[in-house]
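This briefing accompanies the sequence and structure shown below. The points are grouped by topic for reference.

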Amino acid sequence: MKDVLRAAGITKRFAGIVALDDVSLRIGEGERVGLIGPNGAGKTTLFNCLLGVLAADGGTVEVAGRDVSRLRAHRRARLGVGRTFQRIELFPETSVRDHLLIAERVRRGTGRLWKDLLGLGRPTAEETRRCDEVLELLGLVELADAPVERLSLGQGRLVEVGRALMTRPAMLLLDEPSSGLDRAETMALATTLREVQREQGFAILLVEHDVELVTSFTTRSYVLDFGRLIAEGPTGEVMASDAVRAAYLGTYAPPESATARTATTTRTATTTGTATTTGTATTTGTGTATTTEEEAR
Amino acid sequence: MATDSSSVGADFLRAVLQGAPPGAVYALVALGFVLTYQTSGVFNLAFGAQAYVSAAMYFKARLIWGWPTVWAVLLSVVVLAPLVGLTLEVLIFKHLRSASAVSKLVVAIGLAVALPNLFDIIASFKPASGVTPVGVVPGGADVFYSVFGLYRFSRNELVDMGVALVAVIGLGAVFRFSPIGLRMRAVVESARMTELNGIAASRVAAFSWALSSLFAGVAGVLIAPRFNTLGSSDFFSLMVVAIAAAAVGSLASLPLALAGGLGLGIVIAELNTFLPRWGTDSAWVRTVQDNLTPSVPFLVLFAVLALVPGIRRVQGAGDPLAGVEPPPTARAGRPDPRRALAMRLLGAVVVIGGGVVVLTRGDQLWVYQVTQAVVIAIIFLSVTVITGTGGQISLCQGAFAAIGACTVYQLAVRYDMSVLVAMLLGGLVAAAVGAILSLPVRRLGGIWTAIATLAFAYFFDAVMIKLSWVGGGAASLLRGTAVPRPTLGPWDLSHEKAFLVFAAVVLAVVAAAVVALRSGTFGRSLIALRGSEVGAQSIGISAARTRLTAFAVSAFIAGLGGGLLAISQRDVNYGANFTPFAALFWTVLVVALGSRSVPGALIAAAAFALFEPLVLDGAVVGWLTRERHPLPSLFPIDGKWLFILFGLAAIQFARHPEGLVEYGLSGRSRPARPDRPRGRRSPNTDSAAAGDAAASDQRPAMRGNRS
């Protein structure tokens, strides 16, 4: 499977504090991958480094095989990395449709100042049609002309998704989409996302600490703690692993049992051939081998 | 001055001593500035106006009422200065706690325009010509004390330094040792957090406003003797120097602001000492040297912007609880379509009817006034682009317009080019300058754009305009900067009414272009960027490139308008039209009336050119009562009211960034107006109030909570 995103050895320091320490991850075409970890683990920092919002101190990021480590955020976005925000970032004083229209125009790259001046900068019928398709896909048709200030948080998240979809992303990075939503809203959002993803086939990286959402939504997960990857593998197994439990709950897990259990799971499948042993979990000091990547279903 | 001693070292030391007293005053202002900015988040551009108020009060009490110095100081500095600060805090800024830094900046700009005029009227103050402001010690400017045989300090200078020293030590002590100082430090850290710990942040903010205003008062009274007559614009430029000093410490550090102020004073003195030795032959160097005081701050400021990479984070790294603040946006409601149509028809009728009346029956004076309004409207549309659509505050639109005007003068007069071609080229030159100027600030945004453009405006005012290839230099002093009127095919535009029609056509074209830009890719990108920079980036919009374009487009329009203004007046007339302080009022007017829409800019231009002759001079009332001089006891009203009214109107920007025009248009009967700030509630019907409640329920939903 081709990787849409591959990050290797990402390191980020803030004034001496190591926020990310040699983090590597990859996301295959159409995969749904989770990135979990307790508060302060470095999830958002990693996210921002992947997107180019923050410049990493070390490591490389590749999008569809192209090294984008030196590109700014908007260039990466044009290469097919869409995103949503934990704290919603919509454009005030514009309508829902406006959000999608400008994204579509930027993707097409047909905007020119002279065209604007001649009055040719208005949305074309084709652009409007494509926006309406996405609005329909997300169930936002009735809100198309509503100013975004009227939307609820869940609807706002959907608008962000729609805006990102207009860029025809190869992958979508979702930053804690459940924050501020109740269970029902979260599940509705997840359902919509899954349907849209099935239809369009982009990959998803879900940053989240709602364990239930991650478990139900993703096939594979990475676990960050104190800036290090402490586990990766099929979501179900990762969630069950002692290292993750230890990181989340702070319980002490005896080193032997942890390694023993992961040893059994790592046998099963080897796509990359490397059983990545990502060091020691920092909280408890338990040695934890991680489960290897498994073919995404 | 430096001829008696040949030693470079002695000259150097002498310049240090010479620069210390003005440096001390800059430091005072810079300290007050940082204090306000840090404790209340207000980038207080009205600080200079506050200094002026105290200086003028002292002048009035001391020289006109003949009070003794002590009482005059007590009144102007100890009583009036903190009172002004407290009033501003209680009446205005207290209610804008959650507004964005840029909105508060605009409010302060409005105050900077309104306050001095308000004081002049209330205190019926007129700086008497021929009476020079005096210092607080007798013979302050005439009695000297020699220090090490190097430099002779005047009494005034010693007082400057002494007061600054006392003030700094006092401020340090308050911060370090007093309970209120501890609270102030806490508020600096996070106003919200402080409140959650049971401290009334508003009381702390009030105290710090009073304290920083005291600094403004002290600085104003101390600096006044350096001017021949008191004028509020001088105090504004003093403040620009202090801003550069404050920027040395990234607007955050009091000690660095102090060092910056002293350093600036000394650097200016050093350059004054040493520059003449190096470059007496070059006219350029001499021009620079003549105007060091305003140009050094500009250079310092841009050096800070270019060399301190962390400055961007300083701005954002304010309150750890900032994420919890409610969103500051006050949305322009969708206007009720029928009402909007009615207003549009009314506007068309007024424009066409007014045009017909002026063209057929207007005498020369009225044709001139209306032409002014039309030309100024073009310049104001540049504000519509950069501030209304782009959300950035540019305070150098006057410089851009002057660049257009000077290009017309240079090309048409000196190189005999067609005036109209020169006008277009003037726009292009201004656009190029705007694009270059945007380079250092386009990634910073926010208040840094305002600061940098203000510094550029003063640099242009002090240095550029005096260069022979810009403003004409010595030649212009002798022969003026006259600009001819063009002929366009069969129409001779030296005929006033023909020119008015021509100007109206240009205005219509520019207005149509602004509307087209806004609904096109550029405008939509800019509006997206204004709303959320990270959001815009996430769909591939380049913030840097879009802002650069915005600056270039806005500068082009301003340059075009400036050129046309010069052609209209047949003269560049820099001092009357384009000075930074005059251009400040442009921003205030457009913002007050509506920077978001073309009608807003048009009405602002009408107000600029016609409010005084129509309303304040009583023409309208005269027409209504059919009397040539109506109510002689009332009219003409002092022209200063123009500044006061619109300066105060700009205050509502923080709540209604759409301006008075659109706010009036949008009507009050809409079901929901989200984000109406709490507090002062306009007299609403019950249904609208219910709508408000519903809207505020939605508020937390919009931004969500950081978990």
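Predicted model: local features only at pLDDT ≥ 70, side-chain atom pairs only at ≥ 80, totals over all residues.

**Strand β8 of chain A and its partners**

In β8(A), M171(A) has A203(A) as its bridge partner.

- Strand β7 (residues 171-175) and strand β8 (residues 203-207) of chain A are joined by 5 bridges in the parallel sense.
- Within this pairing, L173(A) has L205(A) as its bridge partner in β8(A).
- Of the 5 residues of β8(A), 5 are buried, and the strand is mostly covered.
- Side chains in a regular strand alternate between the two faces of the sheet.
- In β8(A) both faces are covered: one side carries A203(A), L205(A) and V207(A), the other I204(A) and L206(A), and all of these are buried.

**The sheet as a whole**

- The open sheet has 6 strands in the order β6-β7-β8-β3-β9-β10 (chain A), and its pairing is mixed.
- Its edge strands are β6 (81-83) and β10 of chain A, each of which pairs on one side only.
- From one strand to the next, the twist averages 20 degrees.
- Helix α1 (residues 43-51) of chain A packs on the sheet and touches β3 (32-36), β6, β7, β8 and β9 of chain A. The direction of α1 makes about 150 degrees with that of β7(A).

- Strand β9 (residues 220-225) of chain A runs antiparallel to β10(A), and 6 bridges join the two.
- V223(A) is placed opposite A231(A) of β10(A).
- The two strands form a hairpin with 2 residues between them. In the turn, F226(A) has a positive phi of about 50 degrees.
- Strand β10 (residues 228-234) of chain A is largely enclosed by the rest of the structure, because 6 of its 7 residues are buried.

**Overall composition of chain A**

- Chain A contains 11 helices and 10 strands.
- Of its 297 residues, 54% are buried.
- Among contacts in chain A with a separation of 6 or more, 69% are between residues 24 or more positions apart.

**Helices α2 and α4 of chain B**

- Helix α2 (residues 47-64) and helix α4 (residues 101-122) of chain B have axes that come within 9 Å and cross at roughly 15 degrees.
- Angles under 35 degrees count as roughly parallel, and α2(B) is therefore roughly parallel to α4(B).
- The crossing of α2(B) and α4(B) is right-handed.
- On the α2(B) side, the contact is made by A49(B), Q50(B), Y52(B), V53(B), A56(B) and M57(B). On the α4(B) side, it is made by L111(B), A112(B), L115(B), P116(B), F119(B) and D120(B).
- By class, the residues in this contact are 10 nonpolar, 1 polar and 1 charged.

**Residue I92 of chain B**

- I92(B) is located in the loop between α3 (69-91) and α4 of chain B.
- With a relative accessible area of 12%, I92(B) is buried, because buried means under 20%.
- Apart from neighbours within four places in sequence, I92(B) is in contact with T87(B), V107(B), L111(B) and I651(B).
- I92(B) and V107(B) are separated by 15 residues in sequence, and their C-alpha atoms are 8.7 Å apart in space.

Definitions and conventions
Residues numbered from 1 in each chain as written. Chains lettered and ligands numbered in written order. Heavy atoms only, no water. Buried < 20%, exposed > 50% of the residue type's maximum accessible area, 1.4 Å probe, protein only. Helix = DSSP H or I, 4+ residues; strand = E, 2+ residues; numbered from the N terminus. Pairing = 2+ DSSP bridges. Axes fitted to C-alpha atoms, helices over the stretch in contact; angles between N-to-C directions. Parallel < 35°, antiparallel > 145°, perpendicular 65-115°, else oblique. Left-handed = near helix turned anticlockwise from the far one by under 90°. Contact = heavy atoms within 4.5 Å. Nonpolar A, V, L, I, M, F, W, Y, C, P; charged D, E, K, R; others polar.
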